[in-house]
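Please walk me through this structure.

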Amino acid sequence: MQTEAAPRPIHQAPAPFNERLHWSLYPVVAGIFSIPMLPLALAAAVLVPWFVSDHGLVVNNEPWLYTPPLDLVPTWVPWAVGLSLVLIVAVSWGVAVHLLARALQGRPVRLGRALARSVVRSPLTLAAGAVTAGVLFAVDTALLQVYEQAHPALRFTLGAALFASLSPLWLPLVGVHTHDRPWSFLRGMRGRGLLTGRDRLGAVSLVAGCAAVAVYLASMITTGNAVVPTAIAAVAGLTVSALALTLAATGEGPVPQERPARPYLAVGSVVAIAVGLTVPLQLYQELLTDGPWPTLRYDALSVEPWDRREDNPQPLILPEDGASVVVGEKEWLCEEEAACLDLDEPLDGAGPMLAATGMEGGAVRTVRASLDPALAQGSIVLHDQCVRPSQCRNRTWELEPEVEPDGQWDAQEDDPADQATTLDLPGQMAAWAGVGGGRHMVVTAAPSVGWGETSLTLFSCGADRCSAPSSTLLAREPGSTFSSDFSPRQDYPALISVAATDQGVPRVSVHHPGSGALTLYACHDVECSEFTTTELLAPTGAVRRERWDSARYTGATLRVRPDNTMVIVYLDTRDGSVQLIDCADPVCQDRDTAQVLGPGWHRTPPALALDSAGLPQIATFDVLTQEVLYLACADPRCEGYDRTVVGVYDHTPGWIDLALDGADRPHLVWHRVPGEDTGEDHAFELVRCADAHCAPV
């Protein structure tokens, strides 16, 4: 009797994975990797700003630590954090692989069961990961022993090729979760099963690609803005890797009769992922920039000028809107939220720009030498150059000095003595400028014919349209010390300092680089029709400079307090120390001198500003620590101060300047002068503190 053979099962062609899995499973798997990290991200968002407040500062809204973080925390802390991350990823990996494997088989997906099973099998996951990492590390070490200069790309490619081609390196990572029994995957790892089949090689190779992207992005993290893209890439990489290795482990197959779907869980996962990426970052930025812990915060901007500026003058000008204007041979407007702009423009009938008095409306008021032969020698041009055209328009005024009694200012071009002429001398002028009490002031140094002496002349005029101009001859200095024959305005930008009382009465200090003498000219009225000369420091009787040496600077800065008394900081020409003079009367006949920083050559002259309480605020360079410092003095003589490091520099800055805004927030600028053969460019370093006195708040 013949029996009928059983029919063979109908062959079903394998289907692509996207037809075997419901779309809702992908965001669920991504959420499995991202949601457990949310508590750690929230903890880091709070702990990092708190840690920075005690051990660092915030520059440009980015944390900076004074010491490497591993030197500040106990040894167990990084180990605990690292092990916690590894354990969370291992458990999440097991859950994701189990859910994907059951979905590919058409079996129901139960998240709670998958979590419990992954926790139980997490030691196997960690062991499999440790074996894979150990083998790859051993291969990389062996490569470096053979080829010490191996490029990182070569080392990564070799490791990726081994991982993708050898089943024992990747199959255990998913095999312990794809079967009901954790060791069932071992039955296929014999003979040819030790090598990855051609049909699986593409899926396994995706893991190496995801690792390459994650490692690259992690290495590029330099700001908080790069954290979110890196986190997204990490979650996407883990999701793709879990899917690829699960497909490689389970093999191809047909579309299951039932595809498990979790649409509501998928929507919830998407919302949770969005919250996990945005909330911790927003909380971190809020606490870092305005947290409850006292933290030093400031903004820094480095600007590379077009020209080499070894010998360019300051100043830093601070308008009411908080922008900063750095003036050299060109003008640079540095807005709070924009790059510095070059504002240079030629001016007919005027020579090169010598200085800038300050900001008037939307314009920078600059000083130039006049080239008009009809004016007295030593005349200057004040030019308002608009930096915000909607607020002003360009204007120009010419100011003449007192005519020298001997008439030498008006030497003709064909002078028989072959002396300097009207057209020659403007190119040898130097100027220092300031603003105060509604007046703009300029002190010029112009050599007389024959270079026998240099005349120091004070010009001033009102802020509005340069009204009520005046000029006064302050002194005739022997030789050409203060003229630009040796570029003192550039190499020694603080030789002369000019300020004014709240009523606009000028004060001028003159620091002599040769003898170290410091002289004060205190005007009696706005026009300076009369003035009192006070010798603050007597000449030493010895010439301190056989030649002009820009590595050793000379200079003093003068500021006037609301009670018309003055504060002066200067660089002692004998030892390079920073000294402060506290004047007790308007002409500084009664005064005290205190040392702020000890001796040290190769120091830039200190910059000085007064806060709303009239206390000195000093910017200087510490030659011992090679740090640019801001000193917030606690008393009029600066016997106590809060010290803030705003820059570290291994060369003496070309110059430093300082200004305070209406909220006593310091704004500093210093000239970075690169060393020889370093390949660096000259740059302006701008620092804006976020809080009053650069104090942690």
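Helix 4 passes helix 9 in a right-handed crossing; a crossing counts as right-handed if the near helix is turned clockwise from the far one by less than a right angle, and as left-handed if anticlockwise. Helices here are DSSP runs of H or I with at least four residues, strands are runs of E with at least two, and both are numbered from the N terminus. The model is predicted, so local features need pLDDT of at least 70 and side-chain atom pairs count only at pLDDT 80 or more, while totals for chains, interfaces and linings use all residues. Residues are numbered from 1 along each chain as its sequence is written, and side-chain values use heavy atoms, with hydrogens and water left out.

Two packed helices are described by the angle between their axes and the distance between the axes. The axes are lines fitted to C-alpha atoms, for helices over the stretch in contact, and angles run from 0 to 180 degrees between N-to-C directions. For helix 4 (residues 76-104) and helix 9 (residues 227-250), the axes come within 9 Å and cross at roughly 50°. The two helices are therefore oblique to each other. In this scheme angles under 35 degrees are roughly parallel, over 145 roughly antiparallel, 65 to 115 roughly perpendicular, and the rest oblique. Contact means heavy atoms within 4.5 Å. On the helix 4 side the contact residues are W93, A96, V97, L100, A101 and L104, and they meet L238, S241, A242, L243, L245, T246, L247 and T250 in helix 9. By class, this contact of helix 4 with helix 9 has 11 nonpolar, three polar and no charged residues. Ala, Val, Leu, Ile, Met, Phe, Trp, Tyr, Cys and Pro count as nonpolar, Asp, Glu, Lys and Arg as charged, and the others, Gly among them, as polar.

Helix 4 also packs against helix 2 (residues 25-34), at an angle of about 165° and with the axes 8 Å apart. That makes helix 2 roughly antiparallel to helix 4. Here too the crossing of helix 2 and helix 4 is right-handed. Helix 2 contributes L25, V28, V29, I32 and F33, and helix 4 contributes S92, W93, V95, A96, L99, L100 and A103. The residues of this contact of helix 2 with helix 4 divide into 11 nonpolar, one polar and no charged.

A further partner of helix 4 is helix 5 (residues 111-146), where the axes come within 8 Å and cross at roughly 125°. Helix 4 and helix 5 are therefore oblique to each other, and their crossing is right-handed. The residues of helix 4 in this contact include V86, L87, A90, G94, H98 and R102, and those of helix 5 include L111, R113, A114, R117, S122 and L126. By class, the contact of helix 4 with helix 5 has 12 nonpolar, five polar and three charged residues.

The strands come next. Strands of a sheet pair through backbone hydrogen bonds, either parallel or antiparallel. Two strands count as paired if DSSP finds at least two bridges between them. An open sheet of four strands has the order 8-9-10-11, with antiparallel pairing. Its edge strands, strand 8 (350-360) and strand 11 (395-399), each pair on one side only. The twist averages 25° from one strand to the next. Strand 8 and strand 9 (residues 363-370) pair in the antiparallel sense over seven bridges, and the bridge partner of A356 is T366 in strand 9.

Another open sheet is formed by four strands in the order 16-17-18-19, and its pairing is antiparallel. Six bridges join strand 18 (residues 518-523) to strand 19, and the two run antiparallel. T519 has E535 of strand 19 as its bridge partner.

The structure holds five disulfides, a disulfide being a pair of cysteine sulfur atoms within 2.5 Å. One of them is formed by C523 and C528, with sulfur atoms 2.0 Å apart. The torsion about the S-S bond of C523 and C528 is about -75°, so this disulfide is left-handed.

Two loop residues remain. R465 lies in the loop between strand 14 (453-462) and strand 15 (470-478), and has a positive phi of about 55° although it is not a glycine. D664 lies in the loop between strand 28 (656-660) and strand 29 (666-672); D664 has a positive phi of about 65° and is not a glycine either.
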